[in-house]
Amino acid sequence: MAHIVIMGAGIGGMPAAYEMREMLPQEHRITVVNRTDYFQFVPSNPWVAVGWRERAAVTLPIAPYLARKKIAFIAKAVTHIDAPGNKLVFADGETLDYDYLLIATGPKLAFDEVPGAGPFKSGGGGFSHSICHVDHAQEFFADYQEFLKNPGPLVIGAMPGASCFGPAYEFAFILDTDLRRRKLRNKVPMTFVTSEPYIGHLGLGGVGDSKSMLESELRGRDMKWITNAKTTRVEAGKMFVSQLDDLGNVYKEHELGFKLSMMLPAFKGVDAVAAVPNLCNPRGMVIIDEFQRSKAYRNIYSAGVCVAIPPVEVTPVPTGTPKTGYMIESMMTAICHNIADDLMGKPATAKGTWNAVCLADMGDTGAAFVALPQIPPRNVNWFKKGKWVHLAKIAYEKYFMRKLKKGTSEPIYEKYVMGMLGINRLHK
Ligand SMILES: Cc1cc2nc3c(=O)[nH]c(=O)nc-3n(C[C@H](O)[C@H](O)[C@H](O)COP(=O)(O)OP(=O)(O)OC[C@H]3O[C@@H](n4cnc5c(N)ncnc54)[C@H](O)[C@@H]3O)c2cc1C
């Protein structure tokens, strides 16, 4: 009998727990460990931040749903991983032994890399907001309600080293839509500030026509933009940005005044993971082989935002490669197969496709992209805009939350529809 421990109950960890349960005989124990006792559907945070969603609609208590599937749950943060000793240590000194460990801890938000960045109350006392956590989104909404009484300039974007650009665009367009509905958009100059070398790069070297489509969208919505933006400091109501040229030299210095700002931070690995000797790269992201297995510890696997992926290309201001939901689930599926095989004494063979599929809401419309594979040149490379994406994003939220409540990992219709689009979780 083996004990499989999944560290992190997020977009990746929760479906992985269900899939592992479906795949492994009941004699094997599965335990999920998470910092909080609730799951949050991170992709809905932009809606929470403008009051289009309540917190209760995008979070759920983890314990009862896992219990129904006979999966154990511990709501505590892991403070130390004793990898040679195969055990996790919690802040209260208690420990948990494992035979296999799946690390799915998502990102540590690197607000500390830009002085003054991060949400004031929920993110360490900074002056720019974030939507990476539901607490951050709620803090934005509280300030947004005050902002609406006396509106002014908005600065939205992504910090140097960021890898998750889609939600920054998404949030800028959602705010634009919300302000237009309130007939306040004329009082709000908006600037999009991004470390990408050009609009629509998305950390992927562009996808299809993303550059011209997103530029056109920003122009059509009266938003200015600054690319190659190295944000160096944030103060109350002021952002300091060095704009670099293509050779990485400073081309222009900007001092942007704002009433409200949301800047997505760069990601690092969480402390307990980053501290394990030989497990991670210098940013604390887990180094894995093609089977999602640690190169240093053969019984540790990892998937999701916490794995190390090299940037698609070198950019004047550092940017990272995004890890999107479906890609994360494909990594998890590969891990479940590989652990099941290892338990039967067979070699690992499953490799996730890592296909980037993303739906970005724009409030009243939306943009979808598919990049297969993620690194160019690609077999499938398209970027499309339409109201259907807005509706598809709502459906994705409802579908994912339902999937977690029902305790299934990949219902048959998901397999069938994605399969028709040529999108599969595993390499055949
Ligand atoms: C604002 C935003 C919007 C996004 N929108 C989309 C989208 O629309 N579509 C899409 O495909 N992708 C989207 N993404 C990208 C990606 O899907 C998400 O970031 C996703 O949440 C990543 O999943 P994960 O499982 O790797 O990490 P997470 O979902 O962040 O889960 C990590 C879990 O690990 C836990 N944890 C961390 N440290 C510890 C510890 N020491 N001990 C115990 N538990 C710990 C955390 O509490 C958390 O529950 C978005 C990302 C952001 C930031």
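Trainee: Hi! What share of the contacts in the chain with a separation of 6 or more comes from residues 24 or more positions apart?

Mentor: Good place to start. Keep in mind that this is a predicted model. In it, residues 24 or more positions apart make up 66% of the contacts in the chain with a separation of 6 or more.

Trainee: And how many helices and strands does the chain have?

Mentor: There are eleven helices and 22 strands.

Trainee: Why does the radius of gyration agree with a compact globule?

Mentor: A compact globule of 428 residues would come out near 22 Å, and the chain has 21 Å, so the two agree. As for burial, 50% of the 428 residues count as buried.

Trainee: Which domains does the assignment give?

Mentor: Domain 1 covers 3–108 + 268–348, and domain 2 covers 111–266. Their centres, taken over C-alpha atoms, are separated by 29 Å.

Trainee: How many residues of each are in contact?

Mentor: On the domain 1 side 20 residues are in contact with 33 residues of domain 2. Helix H2 (45–49) gives the most to that side of domain 1, with four residues. By class, the side has ten nonpolar, eight polar and two charged residues.

Trainee: Switching to the ligand: where does it lie?

Mentor: Both domain 1 and domain 2 give residues to the shell around the ligand, so it lies between them.

Trainee: Which residues come nearest?

Mentor: Of the 32 residues around the ligand, the nearest are Gly 8, Gly 10, Gly 106, Gly 304 and Gly 325. The shell divides into 19 nonpolar, twelve polar and one charged. Helix H9 (325–343) and strand S20 (356–361) supply at least two residues each.

Definitions and conventions:
Residues numbered from 1 in each chain as written. Predicted model: local features only at pLDDT ≥ 70, side-chain atom pairs only at ≥ 80, totals over all residues. Near = placed C-beta within 6 Å. Nonpolar A, V, L, I, M, F, W, Y, C, P; charged D, E, K, R; others polar. Domains from an automatic or database assignment. Rg over C-alpha atoms; globule rule 2.2 N^0.38 Å. Buried ≥ 20, exposed ≤ 12 C-beta atoms within 10 Å, placed from the backbone. Contact = placed C-beta atoms within 7 Å.
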